[in-house]
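Dear colleague,

Please find below the structure that I promised to pass on, followed by an account of what was found in it.

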Amino acid sequence: MRFELRIPPLLLFVVIALAMWLGRGDERGGGVALILAGGLLIAGALLGGGALLNFHRQRTTVNPIRLQQCRVLVTQGVYHLSRNPMYLGLLCWLMALACYLGGLWGWLGPLLLLGWLTRFQILPEERALRARFGIAYVQYCRRVRRWC
């Protein structure tokens, strides 16, 4: 497919977050929404930071566009919770922004990120990792869910 593994997920996140911010209305989330936003920010940082730390420890690439440089199948740490904790962290941050901005329109951003990453990033990554790591990756997929 033309868009598979072409747009860096971090760039997509920034573009969507910027669009959410620029398209915000006068509404703001308050009270519980702000508490939820704070929790989502922390969860996103822990997931993404934990994933990056695991990749650094294994001395493998974090570049999701250059899968051929992947040396090791990382399954430790936050990778026990999700096969995609970096993407889950980005999703948490967009959901935090949606909580902060309030209103229903802000939730289109996280939905767009979820759909795009699943279709154009995660599914092609899974095919590449299955080809590269074989049965070890298949068994890992049976134990750990894609998103969480």
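Residues 35-55 are 100% helix and 0% strand, with end C-alpha atoms 30 Å apart, where helices (H or I, at least four residues) and strands (E, at least two) are DSSP runs numbered from the N terminus. Residues 87-108 are 73% helix and 0% strand, and their end C-alpha atoms lie 17 Å apart. Both spans carry the feature "transmembrane region" in an unreviewed UniProt entry, whose positions follow the numbering used here, with shortened feature names and annotations that may be inferred rather than shown by experiment.

Please note that this is a predicted model, in which local features need pLDDT of at least 70 and side-chain atom pairs count only at pLDDT 80 or more, while totals for chains, interfaces and linings use all residues. Residues are numbered from 1 along each chain as its sequence is written, and side-chain values use heavy atoms, with hydrogens and water left out.

As for the linings, that of the largest pocket takes at least two residues from each of helix H1 (9-22), helix H2 (32-58), helix H3 (85-101), helix H4 (108-133) and helix H5 (135-143). By class it holds 24 nonpolar, 7 polar and 4 charged residues (Ala, Val, Leu, Ile, Met, Phe, Trp, Tyr, Cys and Pro count as nonpolar, Asp, Glu, Lys and Arg as charged, and the others, Gly among them, as polar). The lining of the second largest pocket divides into 9 nonpolar, 6 polar and 2 charged residues, and H1 gives the most to this lining, with 4 residues.

With best regards
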